[in-house]
2 protein chains.
Amino acid sequence: MNYNRYLKRHFRNSTVYIFFILFTPKGLVAQTDPAFKPISADIVKLSSKVLGEDRKVYIYVPPIDTLLPNKRYPVLYILDGDNHFSLIAEYCQYLSRRDVNVVPEMIIVGIPNTNRIRDLTPTNSIWGYDGKPDTSSNSRFKSSGGGNNFLLFLGAELIPYIEAHYKTTHFKIFAGHSFGGITTINCLLTQPNMFGAYIAISPSFWWDRGYLLSLAEEKLKNDRIINKMIFYSDANEGMPDDPTFHANLLKFDSIITQRKITGLDHKYVHYPEDTHMTEPIKAYYDALRFIFRRWDSH
Amino acid sequence: MNYNRYLKRHFRNSTVYIFFILFTPKGLVAQTDPAFKPISADIVKLSSKVLGEDRKVYIYVPPIDTLLPNKRYPVLYILDGDNHFSLIAEYCQYLSRRDVNVVPEMIIVGIPNTNRIRDLTPTNSIWGYDGKPDTSSNSRFKSSGGGNNFLLFLGAELIPYIEAHYKTTHFKIFAGHSFGGITTINCLLTQPNMFGAYIAISPSFWWDRGYLLSLAEEKLKNDRIINKMIFYSDANEGMPDDPTFHANLLKFDSIITQRKITGLDHKYVHYPEDTHMTEPIKAYYDALRFIFRRWDSH
């Protein structure tokens, strides 16, 4: 209880419960097998005023560097934490090893869902992927449109909490897949300064009859987006019969490319041999390599 | 102690200690977050007569399917278990999810090293990557050449242990990187029936002045290799100055391709944008997709 009160003081809007748990057997094995590096993850439950509910997040923290005990780390926030947190934590841990050394050590914050459609859609809409409205009383899109409120949760509650309790640098990455992809792009378009780099893997541009593509047309201007990075991609969605998903990505890419937005360092990759669900394996890796391609490891 | 005695009966050549430990926090979280699937790993220590030492192995077992409690699984054996076990366990767990479903659920056996150069080289040789002999008294290659004895450990001790204690199908995969890659290829050439599929990521064909390429010339014949699969690859090793590493892969590929070995389903991938150490991220994924490309998930 005392520990909770201590944490409460550092995070005024929320009651915080922290459970520190061992993430892999690596920690247990490390004594006898020094090649095994421990991965530890904190599981933190935030009582969010913005969302009006408790939110659990998973936090991977690199092993302490005894030579640099005050070392600070970039932070990668990943949506659909229940699906992709352990994969990207594995990537970051492996790729930052001294004998691999192509990305820096990072803190990874995985955000699992409570109401995915509510939190990861920018507008309230009943228009489906098939281009038809779902007017049924139990439409699964009924709760949609909480995306901007969810970004408020990130900006006002989650990010301040992480920055108060972990050794962070200013550089932050926001990564998402599918509805998570339109969430990261919505953030880039509406609050570009919240993160330094954005990853959007197969963003669901079909949402609300192309709402985000229209928003991109309106917001992607040379004077607004300054010194940001974005990686976006798609797989074989709808192919070979329906090229709409791929056409949407090409359209987004053409907006960025044709306007020559100098402040936006961008990369688009198409994965024709992957499905919507296998693509994250390749794309999260390629995104990390893109974002850190000029990172100086020395 | 009773449990050890029970296991001893099932594995005559070895004293066995088993530690069952929780591998990730998924298990702990599962009660409140059903989207998180538990990954558990057994750590087994085998007292090997063949190698004359204790060997620890890591074993990932898919979650029990309550509808199919007697379900049996293919087994993937991965060398350099200290480096690559958790990555490939993560891949297999994600790719076999019902909403991804491109590979079957598998048992993964990770084999960490004790004396890597001894176990993962097929011959005793002092010839280095630079083409020069290392004649110093403390040459790191002094202990090399235990590769065939290591294959005996696999065939006579480890595989029988796994098949006695886990629900396995007959299909087995043998995966390795670098020296691990020459180990899997040496196995394919000398004992092709030990496994059904072989993965060799950037195999060190330079070993012992090209010993394995000569062996491939001799052994890769249409009547010996029947109904096997092999995936092999390389990255940007030595480039742009020294194309030898890449040329060795091309030579191995040309032996297989020109002889039209009908019993060997093969795929070669070159990753020019990856290093020797980043390549496994892409190549283990591509290898799994290749091996299971005709797998029927229904």
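1. A residue counts as buried if 20 or more other C-beta atoms lie within 10 Å of its own. By that count helix H9 of chain B is mostly covered, with 11 of its 13 residues buried. The model is a predicted one, and the points below should be read as comments on a prediction.

2. The buried residues of H9(B) include Glu279(B), Lys282(B) and Arg289(B). Pro280(B), Ile281(B), Ala283(B), Tyr284(B), Tyr285(B), Ala287(B), Leu288(B) and Ile291(B) are also among the buried residues of this helix.

3. Does the length of H9(B) agree or disagree with its residue count? It agrees: 13 residues at 1.5 Å a residue should span 18 Å, and the end C-alpha atoms are 18 Å apart.

4. Helix H3 of chain B covers residues 81-95, 15 residues in total. From first C-alpha to last, H3(B) reaches 20 Å, close to the 21 Å expected at 1.5 Å a residue. H3(B) is mostly covered as well, since 15 of its 15 residues are buried.

5. How do these two helices of chain B lie against each other? The axes of H3(B) and H9(B), the latter at residues 279-291, come within 11 Å and cross at roughly 40°. Roughly parallel would require an angle under 35 degrees, so H3(B) is oblique to H9(B). The crossing of H3(B) past H9(B) is right-handed.

6. Which residues meet where H3(B) passes H9(B)? From H3(B) they are His84(B), Leu87(B), Ile88(B), Tyr91(B) and Leu95(B). Their partners in H9(B) are Pro280(B), Tyr284(B), Tyr285(B) and Leu288(B), and these four partners are listed among the buried residues of H9(B).

7. Ser136(B) sits in the loop of chain B between helix H4 (116-119) and helix H5 (147-165). It is exposed, because 10 other C-beta atoms lie within 10 Å, and the cut-off for exposed is 12 or fewer. Ile126(B) is 10 residues away from Ser136(B) in sequence, and their C-alpha atoms are 9.3 Å apart in space.

8. Chain A has 9 helices and 9 strands. Of its 298 residues, 44% are buried. Among contacts in chain A between residues at least 6 apart in sequence, 67% join residues at least 24 apart.

9. On confidence, chain A averages a pLDDT of 87, and 86% of the residues score at least 70. Over residues 1-38 of chain A, however, the pLDDT is below 50. Beyond near neighbours in sequence, that stretch has 64 contacts in the model. For the complex, the predictor gives an ipTM of 0.86 and a pTM of 0.87.

Notes: Residues are numbered from 1 along each chain as its sequence is written. Chains are lettered from A and ligands numbered from 1 in the order in which they are written. This is a predicted model: local features need pLDDT of at least 70, side-chain atom pairs count only at pLDDT 80 or more; totals for chains, interfaces and linings use all residues. Two residues are in contact if their C-beta atoms, placed from the backbone, lie within 7 Å. The expected span of a helix is 1.5 Å times one less than its number of residues. pLDDT is the predictor's confidence in each residue, from 0 to 100. Axes are lines fitted to C-alpha atoms, for helices over the stretch in contact, and angles run from 0 to 180 degrees between N-to-C directions. Angles under 35 degrees count as roughly parallel, over 145 as roughly antiparallel, 65 to 115 as roughly perpendicular and the rest as oblique. A crossing is left-handed if the near helix is turned anticlockwise from the far one by less than a right angle, and right-handed if clockwise.
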